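Please look over the sequence and the structure below.

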Amino acid sequence: MTSKQRLATFAVATISLSTLAMSQIAVIGRAYLENQTDHSGIKVYFEKVSPLAISDSAYTAVDGSFSLGLKVGIYNIYYTKDGYQPGETPNRFLSTDTTLAELTLVEGSVQEISGNVNGIFTKNVIYFVVG
């Protein structure tokens, strides 16, 4: 390969990567609340992992659906609503229009604990040991 051909190949690759990084993609999905018929108000937060991604969020409608536009990239996806245990999809690469898998949040909460702990641990609480 001549230096002219290598330069042309490099230029095409650079343009392709730049175009991919600037691309806007549509992301849709559904998230549900266990034992409910109104699934509205679940926050779906897309935390950027890769440098060219952008963090953004959406909220679910009554039927659990949500949609938003994002840049191509790698994201941690968090699903949260007060009174429910959070859901998470880590390190998801989004490069084209995407429909995410459905997710159901179960009733409960998150509790941080530290030091000497005694008592009854219940199944509807996620415990994080800190300290």
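The model is predicted, with local features needing pLDDT of at least 70 and side-chain atom pairs counting only at pLDDT 80 or more, while totals for chains, interfaces and linings use all residues. Residues are numbered from 1 along each chain as its sequence is written, and side-chain values use heavy atoms, with hydrogens and water left out.

The protein chain exposes about 8500 Å², of which carbon and sulfur atoms supply 56%; accessible areas come from the Shrake-Rupley method with a 1.4 Å probe, and for residues only the protein chains shown count as cover. The chain has one helix and ten strands, in the order α-β-β-β-β-β-β-β-β-β-β along the sequence. Helices (H or I, at least four residues) and strands (E, at least two) are DSSP runs, numbered from the N terminus. A contact means heavy atoms within 4.5 Å. Among contacts between residues at least 6 apart in sequence, 49% join residues at least 24 apart.

In soluble globular proteins, nonpolar side chains tend to be buried together. A nonpolar core is a set of buried Ala, Val, Leu, Ile, Met, Phe, Trp, Tyr and Cys residues joined through side-chain atoms within 4.5 Å. The largest one here has 21 residues, and Val27, Phe46, Phe66, Leu70, Tyr79, Leu94 and Leu100 touch the most other members. Two or more residues each come from strands E1 (24-33), E2 (43-48), E4 (65-71), E5 (73-80) and E8 (103-105). E1 gives the most, with four residues. Leu94 touches Ile25, Val27, Phe46, Leu70, Val72, Gly73, Tyr75 and Leu100, not counting residues up to four places away in sequence.

Turn next to the surface. Val110 lies in strand E9 (residues 109-113) and is partly exposed, with a relative accessible area of 37%.

Where is threonine 60 placed? Thr60 sits in the loop between strand E3 (56-59) and E4. Is Thr60 buried or exposed? Thr60 counts as buried because its relative accessible area is 6%. The side chain of Thr60 reaches the backbone nitrogen of Ile42 at 3.0 Å. Leaving aside residues up to four places away in sequence, Thr60 touches Ala31, His39, Ser40, Gly41, Ile42, Val44, Ser65 and Phe66.

Methods:
Buried < 20%, exposed > 50% of the residue type's maximum accessible area, 1.4 Å probe, protein only. Polar contact = N/O pair within 3.5 Å; in protein donor to acceptor, adjacent residues only side chain to side chain.
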